Structure formats: structure tokens, C-alpha cells
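Keep the picture beside you as you read.

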Amino acid sequence: MILDDKTILVTGGTGSFGRCFTEYVFTQYNPKKVIIYSRDEFKQWMMANEFAKYKDRLRFFIGDVRDGERLKRAFEGVDYVIHAAALKQVPACEYNPNEAIKTNVKGAQNVIDAALDTGVKKVVALSTDKAVNPVNLYGGTKLVSDKLFIAANAYCGNKELSFSIVRYGNVAGSRGSIIPLFQKLIAEQADALTITDYRMTRFWISLTQGVELVIKALEEAKGGETFISKIPSFKITDLAQAMAPEMKTIEVGIRPGEKLHEVMITQEDSMTTYEYDKHFVIYPQMFWQNTKKPTPSGKKVEEGFYYSSGSNTQWLTVEQLRERLKTDLHE
């Protein structure tokens, strides 16, 4: 089992992903230790209480990914690193661009350098659909971050170390996404549910699916791959119908930096993309060491393939959305 008797560190580990990952790893595997690396002492205290039953193998490290020396100290003795720390709120990144660059770009380079200088075996970095054809600063910083992690494989030499990426969109029910907004409006008995554009679509992925994709990357990555789940799409108008069929909706206009559809794979990426049963893998266009060159076993997608929530072949109905709301938001 890939995580048995291993020490795993999660940057930004007090967030929704980190908490789900921690629970999943301790229930499905037998890790030696899980280390949560983050800035917020209060969130760490809350998480320590939430996972008190794992206290013998759960550790907390106060630190910022902007601090390279602190990362190196934290990475000592670590086998696998999951890099989840980032500034993610689109408006906050637009108003504080240099802060977003410090965390999302410089922080990514610090994680890379720390992994190269210690005994880490694998690094998996979380990406986002917003890094694909970015239209806002957050997406731009994550695109740079992705490129840094892919190129980092060139510096591994003979080390038993690889860097790979996992990409997905907004997780169902995550902070700042549409579901909590609708829940708030419903609870407040608002006059209507606000939708920025009636044409808008999104992919549906649960936290557990995100964690499982990260573990698949740990199991299979040779270096430089981008892993993407095959998941269904839904229309925002159908989500409104599923959550509050009796409420009317109003269209308020698309927000700055917002896209109509989530895009995971571009036509340009299709040149090196392979399809598997439950996921896609975008392989790097450059390989730095033939000994680590991945050998795809999946089916090569057609040239010009484009994976977007707006042109997906899988769609959730209103009734299926109701079922997902009952199950996936209470993991």
C-alpha cells in the first residue's frame, strides 16, 4: 500500500482538502506520520481536536511556504509532500497581486527547493482549472506554479524524486463556490437565487474524489504528469432547481475573472494527453531523463480534444444533483 509506513506532509493542510486527506489516509492506510504544515495556529488547534484519535501519528508544523528554510526543516524525514497551500480567492489575488505571487509562485519554488535538498521521494501539487487559459491573476500564478513543478523534474538527477500535478475545479460545497451561496440565500429566504450567467456550467467533484486522484498520482507518477479526473458536468440553472425548485432566479452578470465553463484540457494539451478508465493524464512534452520517462498505457486522445464542462459527455440531472448534494457535501 503506497502510504503504509510513510511520512506524508501536506502544505496548507488545515483546509478542506487537508482535513479530508488526513481522515482518508488514516482510515484507508497505515501511515507512519502525517504532518500538517500551515500558518494558522488556531486552525491547527481546531484540527488537532477534530483528529485527536490520531494524535500519536499526526503532527502540526507552523510555517509559511514563503519561508524556504522553515520548509527544509519541516521536510526532513518526509517521504511524500502534497502541496495544497495557495492564495485562492480570485478578488483577493486581483487586489493583492504581489502577495499572490509570493505564495503561489515563490512558495511553489520553495517547496521544490526544499524537496530537492531533503530526502523527499514524491511531490504532488494541487492545481486548478483556472490555470488553464488563465483570465485572472490567480489562474496566472497557478499556471506558473504548474510549470515550475513540471520543470523541477529536470533537477532531480539520480535522486529518487518526482514532481507531478493534480488538476480539478471547484470542489462541491467548497468555500466561495456557488453551493454555499445558494444555501445562504435559501436560509435568508431571499427573493431569488442569483446566477451570474444562465449559460454557466461546472464540473462536479467531491473532496474524496480529489483525495483519491492525489493518491493515484502518488502511485503512478514518474515525473511531470498532470492528472485530471473524468467527472460529470452540471448546469448552474439545474443546481438552482435541485436546491430550491420553488425559488425564482435572476441573472446578475458574469464577474470579472470568471469563466462560463471550467476547462481542464486544452486543444494544445491534447498532443500529449492519454485517456484512462477514470482519469486523463497530460504527459510532459519534454523529458529530462530517459530512465524516468513515463510510458503511457492509456488511449491517446484525438488531436484537438478539449475537456470542458460545457462540452462534456457526462451530465448530472436535477435529480442526480439532489442526490449528490445529500452525499458529497457530508463526507
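## Helices α1 and α8

Helix α1 passes helix α8 in a right-handed crossing; a crossing is right-handed if the near helix is turned clockwise from the far one by less than a right angle, and left-handed if anticlockwise. Helices and strands here are DSSP runs numbered from the N terminus, with at least four residues (H or I) for a helix and at least two (E) for a strand. Helix α1 covers residues 16-28 and helix α8 covers residues 207-220; they pack at an angle of about 70°, with their axes 9 Å apart. That makes α1 roughly perpendicular to α8. For such labels, angles under 35 degrees count as roughly parallel, over 145 as roughly antiparallel, 65 to 115 as roughly perpendicular, and the rest as oblique. The axes themselves are lines fitted to C-alpha atoms, for helices over the stretch in contact, and the angles run from 0 to 180 degrees between N-to-C directions.

Which residues of α1 and α8 make the contact? From α1 come Ser16, Phe17, Cys20, Phe21 and Tyr24, while α8 brings Leu207, Thr208, Gly210, Val211, Glu212, Val214 and Ile215. Contact means heavy atoms within 4.5 Å. By class, the contact of α1 with α8 has eight nonpolar residues, three polar and one charged. In this scheme Ala, Val, Leu, Ile, Met, Phe, Trp, Tyr, Cys and Pro count as nonpolar, Asp, Glu, Lys and Arg as charged, and the others, Gly among them, as polar.

## How to read the model

This is a predicted model, in which local features need pLDDT of at least 70 and side-chain atom pairs count only at pLDDT 80 or more, while totals for chains, interfaces and linings use all residues. Residues are numbered from 1 along each chain as its sequence is written, and side-chain values use heavy atoms, with hydrogens and water left out.

## Two further helix pairs

Next, find helix α9 (residues 236-243) and helix α10 (residues 318-327): their axes come within 8 Å and cross at roughly 65°. That makes α9 roughly perpendicular to α10, and α9 passes α10 in a right-handed crossing. Asp238, Leu239, Gln241, Ala242 and Met243 of α9 meet Val318, Leu321, Arg322 and Leu325 of α10. The contact of α9 with α10 has six nonpolar, one polar and two charged residues.

Now turn to helix α3 (residues 68-75), which packs with α5 at an angle of about 40°, their axes 9 Å apart. That makes α3 oblique to α5, and their crossing is right-handed. On the α3 side you will find Gly68, Leu71, Lys72 and Phe75, which meet Asn110, Val111, Ala114, Ala115 and Asp117 in α5. The residues of the contact of α3 with α5 divide into five nonpolar, two polar and two charged.

Is Thr141 buried or exposed? Thr141 lies in helix α6 (residues 137-151) and is buried, with a relative accessible area of 3%. Buried means under 20% relative accessible area, exposed over 50%, and partly exposed in between (1.4 Å probe, protein chains only). A polar atom of the Thr141 side chain lies 2.7 Å from the backbone oxygen of Tyr138. Not counting residues up to four places away in sequence, Thr141 touches Ala100, Ile101, Asn104 and Val105.

Ile101 belongs to helix α5 (residues 97-117) and is partly exposed, with a relative accessible area of 37%. Ile101 and Gly140 are 39 residues apart along the chain, and their C-alpha atoms are separated by 9.3 Å.

## Residues outside the helices

Glu258 sits in the loop between β11 (248-251) and β12 (263-265). Glu258 is buried, with a relative accessible area of 17%, and its side chain reaches the backbone nitrogen of Arg255 at 3.0 Å. Leaving aside neighbours within four places in sequence, Glu258 is in contact with Thr196, Met200 and Arg202.

Asp5, in the segment before β1 (7-11), has a positive phi of about 60° although it is not a glycine. Asp5 is exposed, with a relative accessible area of 57%. Asn133 has a positive phi of about 45° and is not a glycine either. Asn133 lies in the loop between β5 (122-128) and α6, and at 46% relative accessibility counts as partly exposed.

Terms used
A polar contact is a pair of N or O atoms within 3.5 Å; within protein, one must be able to donate a hydrogen and the other to accept it, and residues adjacent in sequence count only if both atoms are side-chain atoms.
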